Each structure stands twice: as C-alpha cells, then as structure tokens.
Amino acid sequence: MKHLLLGDEAIAQGAIDAGLSGVYAYPGTPSTEITEFIQLHEAKRKEGDAIFCRWATNEKTAMEAALGMSYMGKRALVCMKHVGMNVCADAFMNSAITGVNGGLIVLAADDPSMHSSQNEQDSRFYGKFAMIPTFEPSNQQEAYQMTQDAFALSERLHTPVLMRVTTRMAHSRAVVETSDAAPKQNAMSLPENVQHFILLPAFAKRNYAELVAAQADFTKDAETAGHNVYTRGSNPKQAIIACGIGYNYLMENYQQEMGRSILKITQYPLPIALINQMVKDGAEEILVIEEGQPVVEELIRGLVPSTIAIKGRLNGALPRMGELSPDCVRLALGLEALPTREADNLIVSRPPALCQGCGHRDMYAALNEVAREYKSPRIFGDIGCYTLGALSPFHALHATVEMGASITMAKGAADAGQHPAIAVIGDSTFTHSGMTGLLDCVNSHANVVVVISDNLTTGMTGGQDSAGTGRLEQICYGLGVEKEHVRVVVPLPKNMEEIKQALREEIDYNGTSVVITRRECLQTLKRHLKEQKK
C-alpha cells in the first residue's frame with residue numbers, strides 16, 4: 001500500500017509494522033508526530049495486540065520504561081527531540097552496557113537552525129559516545145524500512161539502536177510504500193542472562209568488554225547491510241560523502257558529468273571499508289555533506305591520508321551552523337547560485353506570540369505590574385509557550401536555559417542574596433523536571449516564589465496530556481511547601497487584583513511559596529468543546 005507520510009509518520013508506521021509493543025516519549029518538536037500517529041492508529045484499530053502509547057513524564061522515564069519493555073522481550077520505541085537526549089542520557093548510556101532483550105530503538109529528532117529549540121545539537125555524537133549502531137534515513141521510504149531493520153538488528157546483536165532524523169526529514173512528506181502483512185508482536189520472554197541487566201561493577205565490566213568487542217560486528221553490518229552505498233565515479237579524484245538528508249540535497253544538484261565518487265551514509269559506525277575503497281580509487285579531495293555538526297568530517301580525518309583535502313563545514317565549504325539546503329550544497333559543488341526568486345523578497349518574518357486570550361498573558365500582565373514595585377526583581381523562565389513572555393509586549397523574563405531550570409536558577413539567585421527571585425514554569429515542565437528543584441528550595445527554605453502557569457496541557461507541542469493535571473497542589477504539599485503558601489488563582493482580567501495581591505504576599509514571605517495560575521489552554525478548550533458537540 002502507498003501512503004503520503006511525514007518522515008515522523010513513516011517511522012511510526014514502520015514501528016507498528018515491525019510488531020511494536022510500546023512507544024514511550026515526551027512531546028518535543030520535531031519528534032511529537034511519531035507518538036501521535038501511533039496513538040491515532042490505536043484509537044482506530046479494532047483488533048490485534050494493543051500498543052502502549054501514553055506520554056511519559058519526561059525523556060528519562062520514557063527511556064527507562066522502554067528498556068523495561070525490552071527486558072520482557074517486547075519491541076519498544078522511545079522518542080524525543082535532541083535536547084531530550086540530555087535528559088535521558090544516564091539511562092541511554094547504560095542501556096548500551098546492559099544490552100537489550102526485545103528490540104529497542106531510541107529516536108532523536110534534531111533541530112538544526114533552532115526552529116523551536118534552545119540549541120543546535122547532533123545526536124550522532126550520542127550514538128558514537130554509547131558505541132551503538134545509528135541510523136540516519138535520507139528519505140521517508142528509508143525511514144519506514146530502516147525502522148524495521150533497526151528492530152531486527154537490535155535483537156540480532158542485542159543492542160539498542162539510535163535513529164537520528166532532522167527537522168526537514170521529520171516534517172516533510174513523501175509517498176511511502178508499506179507492507180500489507182499484519183504486524184505480530186513478540187511474545188514475552190525473559191533475558192537468558194539476568195546479570196546483564198545488573199550494573200554492579202563486576203558485571204558492568206564484563207558487559208562493557210562485550211560492547212567493545214561487538215564494535216567489529218556493528219561496523220561490518222554498516223558496511224554490508226546495504227544502507228551505505230559507494231558508487232565509483234569516472235572522476236574518482238573528487239569524491240563526496242553525503243549523510244542522511246544531505247544525500248537528497250546532493251541529488252537535487254548533482255550533474256552526471258561531474259563524475260565524482262559518492263558514498264551515501266545512512267548507518268553508523270562509519271563504513272571504514274567503503275571509505276578505504278574511496279581512497280583506493282584515488283580520492284584526492286572529499287566533500288562531506290552532513291546535516292548538523294561535522295561529525296563525519298572530523299572522524300574521517302583520522303581514517304584517510306593527510307594528503308587528501310577534506311572539505312565541509314569545518315573549512316567553510318558549507319555553513320558551519322544551521323540547516324543545510326540545496327542552495328548551499330550547490331555552491332559547495334562549485335555550481336553557480338540559482339537566480340533569486342522575486343517571491344523570496346516578499347516573505348516577511350512573523351515573530352511568535354502568545355495566543356490572544358491566553359492565560360499566560362494575564363499571568364504576565366499581573367507579574368510585571370507587581371515586579372515593578374520592587375527595586376531589582378529577577379524572573380527566571382522555563383521552556384514552554386510561556387517562554388514567549390520574554391518577547392514583546394511583556395519582556396518579563398531575565399533568563400531561560402532549559403527544562404526545569406527556572407526554579408533552581410531562582411534558588412541559586414536567592415542563595416546569592418537576590419530578592420525577589422521568581423520562577424515561572426508550566427504545569428508539564430514542572431512535572432518533567434521542576435519538582436526536584438522545588439524540593440531543593442523547600443529543604444533549604446529558599447526565599448523563592450514559584451509561579452506554575454497551569455494551562456492543563458502540554459500546550460507548546462500541540463496539546464498533549466500533562467502528567468500533573470489535577471494534582472499540582474498535592475505534589476507541592478508532598479514536596480513540603482506549606483499549604484498556606486500554595487495559592488491558586490484564575491488568570492483573567494477580572495481577577496487581576498487578586499492575582500497581584502497573591503504575588504505580593506508570597507514575595508514578602510521569607511521562604512518557598514507557589515502561586516498556581518490555572519486556566520485551560522484556549523486551543524485545547526476549543527478542541528474539547530468541539531468533541532462535546534459530536
């Protein structure tokens with residue numbers, strides 16, 4: 001059957017057709033659609049083995065739960081955006097040492113050019129760091145097929161597999177031909193060697209030695225499985241290595257008369273034998289086209305003779321930062337730039353803004369008014385829709401770093417003598433990684449006000465379920481915040497005085513307090529009202 005699918009959807013369909021038993025994820029652009037597609041599939045399906053597909057509290061819990069499902073012999077997929085790899089790194093790195101029982105794929109969706117992220121990061125480094133096989137599809141059909149191949153490889157070599165995509169791959173559509181065969185899940189089966197999953201030093205040392213020994217098998221598979229393809233050109237002195245979606249950009253510009261040798265890389269570790277063949281064929285110059293950071297460009301410098309000129313992001317042949325494009329690849333190939341289209345000059349950037357009527361707006365309006373009453377207030381923000389409070393018209397935030405940092409940065413500022421020190425965090429981010437920071441505040445009686453802007457959903461990524469909905473007050477009580485200093489207000493213009501008074505009172509309190517501003521996200525409210533009418 002043929003379907004028009006996003007890259008994310010192709011991965012999801014590939015996992016379903018491979019007999020997936022569970023997907024574990026925290027929503028984050030550009031990875032969110034994978035889990036949503038599987039959830040939609042489950043909602044429509046009438047028979048067959050159920051796939052577990054609820055959102056996890058954060059990427060670390062997702063990774064650990066997926067490893068637990070793998071332990072039981074089932075196939076599991078864990079999905080996140082690139083910065084989520086930092087959150088789950090402990091479990092991810094150790095999964096390479098434990099190995100797997102059922103197939104386990106870790107999907108990392110990178111965001112070069114930072115369309116919706118706070119940094120650029122190349123998850124291929126994590127694959128190399130953990131010393132596990134890594135796949136990087138160049139198109140949607142490959143994304144579908146590689147997902148199935150990755151599960152098979154994972155079980156055959158008893159290793160987790162990292163799959164890396166980038167924004168354009170995740171969010172572009174193409175026709176994908178899928179299998180008609182009904183997927184069948186693995187039966188439950190316990191690991192043959194229980195000690196493999198017990199990382200006491202004595203066991204871990206033995207496991208690590210096995211992982212190191214397996215590198216030869218991982219490399220051999222990358223060289224022979226057929227995903228990496230070397231084509232000798234008529235002019236082999238000039239060669240090209242194109243990785244992942246970079247291969248597509250190359251093909252949009254490549255002209256047959258160039259005669260260059262081309263090595264397409266979509267599976268790692270690096271296929272050393274294919275690179276050696278490129279050198280043996282007489283390569284004197286190698287252009288490396290890769291989305292993200294110069295991972296391959298740096299690695300091959302230690303594999304090929306120093307007399308070979310290596311070109312790419314490091315020497316300026318391609319931009320050092322941001323996404324690749326067919327246009328910049330064209331220039332790297334020595335071709336003339338295409339003429340500028342008149343329409344390009346008519347596109348006007350539109351900065352993001354909070355929705356009109358959003359509860360975050362009323363929260364910031366009240367917070368700004370109160371903050372102006374103090375000499376030098378510092379407001380620490382977090383990651384979510386409300387991060388837009390740093391922009392016009394509010395300009396309310398003084399720092400935003402990463403998920404959960406608002407509370408602990410406010411604590412550190414308060415420890416240094418700052419007053420008032422205020423943290424703004426969303427409900428989903430609070431349960432993702434803010435709770436431990438609040439516990440630190442309580443334990444040291446930090447003079448901090450935490451504003452939890454609760455819109456009852458994970459709004460920034462499209463309205464997914466929020467782990468703490470309906471339980472935020474109880475969580476704060478359980479962490480030790482005194483009940484009289486957990487305040488709940490409704491962010492509406494008519495309640496402005498009540499909100500401001502609550503903020504003043506908690507700022508003047510010498511200790512840790514929480515103000516929860518609660519009103520449902522307008523987008524999810526519209527959706528819920530529409531569903532009720534059906």
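1. Lysine over tyrosine. In this predicted model, the charged end of K264 lies over the ring of Y247, at 4.8 Å from the ring centre. A second contact of this kind involves K483, whose charged end sits over the ring of Y477, 5.2 Å from its centre.

2. Aromatic pairs. Searching the whole structure gives four aromatic pairs. One of them is Y71 with F197, an edge-to-face pair with 4.9 Å centre to centre and 85° between the planes. This pair links distant parts of the chain: Y71 belongs to helix α3 (residues 59–71), F197 to the loop between β7 (173–177) and α9 (201–213), and the two are 126 residues apart.

3. A tilted pair. Y364 and F394 also form an aromatic pair, here with 5.7 Å centre to centre and 35° between the planes, which is tilted. Y364 is part of helix α15 (residues 359–371), while F394 is in the loop between β14 (378–380) and α16 (405–415), so the pair ties together parts 30 residues apart in sequence. Both Y364 and F394 are buried.

4. The open sheet. Six strands make up an open sheet with mixed pairing, and their order is β2-β3-β4-β6-β5-β11. At the edges are β2 (22–25) and β11 (267–268), each of which pairs on one side only. In general, strands of a sheet pair through backbone hydrogen bonds, in a parallel or an antiparallel sense.

5. Strand β6 and its neighbours. In the strand order, β6 stands between β4 and β5. Strand β4 (residues 104–110) pairs with β6 in the parallel sense, over six bridges. Within this pairing, A108 has R164 of β6 as its bridge partner, and A109 stands opposite V165 in β6. Strand β5 (residues 134–135) is also parallel to β6 and is joined to β6 by two bridges. There, T134 has L162 of β6 as its bridge partner.

6. Crossover. Between β5 and β6 comes helix α7 (residues 140–157), and the three elements make a right-handed β-α-β unit.

7. Burial of β6. How many residues of strand β6 (residues 161–166) are buried? Six of its six residues are, and the strand is mostly covered. In a regular strand, side chains alternate between the two faces of the sheet. In β6, V161, M163 and V165 point one way, and L162, R164 and T166 point the other way. Residues on both sides are buried, R164 among them.

8. Cysteines. How many disulfides does a search of the whole structure find? The search finds zero. A disulfide is a covalent bond between the sulfur atoms of two cysteines. For C79, the closest cysteine sulfur is that of C88, 11 Å away, so the two are too far apart for a bond. For C521, the closest cysteine sulfur is in C385, at 6.4 Å, which is also too far for a bond; the cut-off is 2.5 Å.

9. Burial of the two cysteines. C79 has a relative accessible area of 1% and is buried. C521 is buried too, with a relative accessible area of 16%, since buried means under 20%.

Definitions and conventions
Residues numbered from 1 in each chain as written. Predicted model: local features only at pLDDT ≥ 70, side-chain atom pairs only at ≥ 80, totals over all residues. Heavy atoms only, no water. Buried < 20%, exposed > 50% of the residue type's maximum accessible area, 1.4 Å probe, protein only. Helix = DSSP H or I, 4+ residues; strand = E, 2+ residues; numbered from the N terminus. Pairing = 2+ DSSP bridges. Right-handed = clockwise from strand over helix to strand, strands pointing away. Phe/Tyr/Trp six-rings, centres within 6.5 Å; stacked < 30°, edge-to-face > 60°. Lys NZ or Arg CZ within 6 Å of the ring centre and 35° of its normal.
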